[in-house]
Amino acid sequence: MTQQNSPPSEMIRVPTALIPVVRRLSKLHRQGHTIVLLQGLEELISQFDSNIDIDVTPSSKSVLQLEKKLESKLDAMTKKLELIERAISSTRYNSQPKQRRQANPYQQTLVELQALPPENLAPRLGLSPSSLAPEREKLTTKEFISWTRNRDPRGIGWEWNPKDGLYHPVK
């Protein structure tokens, strides 16, 4: 019997200022709150301006401005993580047993199909109105019903009635 092991954790380098945030993120991930975590991160990251063109020398004015902006964003990220943690813990401890849902909450009403003229039936079968009549004429009635049943999105067969010039659904 082979035992499946999870892949080893990857180590990444993180700026010192981000270490507490990354630890919180990791903890939330291990607790199984990955989806909520990713949604919060996406929302937060979308607030960053990715179109900034900066001079990367350490003493440059733009780097100093970016550091200030990053610090404020880190504070916002920390606050957001705290909110996520609170929301997760409050739903975990305050949730009441959920009521059982019905098998199908949306009652489907049965719609009886009406007879259709060729110009309405043809698009339903993926045809042009002019190509419907030749098919009907070359096939027997049973073959035509079967042929239309195979082309109809709901699997309904259609029969031609020459008296009213309409195609009628066949169950």
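Modeller: Read along the sequence, the pattern is α-α-α-α-α-α-β-β. Helices (H or I, at least four residues) and strands (E, at least two) are DSSP runs, numbered from the N terminus. This is a predicted model, in which local features need pLDDT of at least 70 and side-chain atom pairs count only at pLDDT 80 or more, while totals for chains, interfaces and linings use all residues. Residues are numbered from 1 along each chain as its sequence is written, and side-chain values use heavy atoms, with hydrogens and water left out.

Biologist: How many helices and strands does the protein have?

Modeller: Count the symbols in the pattern α-α-α-α-α-α-β-β. The totals are six helices and two strands.

Biologist: Where in the protein is confidence lowest, and where is it highest?

Modeller: pLDDT is the predictor's confidence in each residue, from 0 to 100. The protein's mean is 77, and 69% of its residues reach 70 or more. Helix H2 (residues 34-45) is lowest at a mean of 71, and the highest is E1, at 93.

Biologist: Which residue in E2 is the bridge partner of Glu159?

Modeller: Strands E1 (residues 157-161) and E2 (residues 166-170) run antiparallel and are joined by five bridges; two strands pair if DSSP finds at least two bridges between them. They form a hairpin with four residues between them, and Gly165 in the turn has a positive phi of about 70°. Asn161 stands opposite Leu166 in E2. For Glu159, the partner is His168.

Biologist: How many residues does the largest nonpolar core have?

Modeller: A nonpolar core is a set of buried Ala, Val, Leu, Ile, Met, Phe, Trp, Tyr and Cys residues joined through side-chain atoms within 4.5 Å. In soluble globular proteins, nonpolar side chains tend to be buried together. Here the largest core includes Leu116, Phe144, Trp158 and Tyr167, and its size is ten residues.

Biologist: Which residues belong to the second, separate core?

Modeller: That core has eight residues. Among them are Val21, Leu25, Leu37 and Ile84.

Biologist: Is Arg136 buried or exposed?

Modeller: Buried means under 20% relative accessible area, exposed over 50%, and partly exposed in between (1.4 Å probe, protein chains only). Arg136 is found in helix H5 (residues 129-138). Its relative accessible area is 19%, so Arg136 is buried.

Biologist: Which side chain makes a polar contact with the side chain of Arg136?

Modeller: Contact means heavy atoms within 4.5 Å, and leaving aside its neighbours within four places in sequence, Arg136 is in contact with Phe144, Trp160 and Tyr167. A polar contact is a pair of N or O atoms within 3.5 Å; within protein, one must be able to donate a hydrogen and the other to accept it, and residues adjacent in sequence count only if both atoms are side-chain atoms. At 2.7 Å, the partner of Arg136 is Tyr167.

Biologist: Is Ser130 buried or exposed?

Modeller: Ser130 lies in helix H5. Its relative accessibility is 60%, so Ser130 counts as exposed.

Biologist: What separates Thr141 and Trp160 in space, C-alpha to C-alpha?

Modeller: Thr141 is found in helix H6 (residues 141-151) and is partly exposed, with a relative accessible area of 48%. Along the sequence, Thr141 and Trp160 are 19 residues apart. In space, their C-alpha separation is 8.1 Å.
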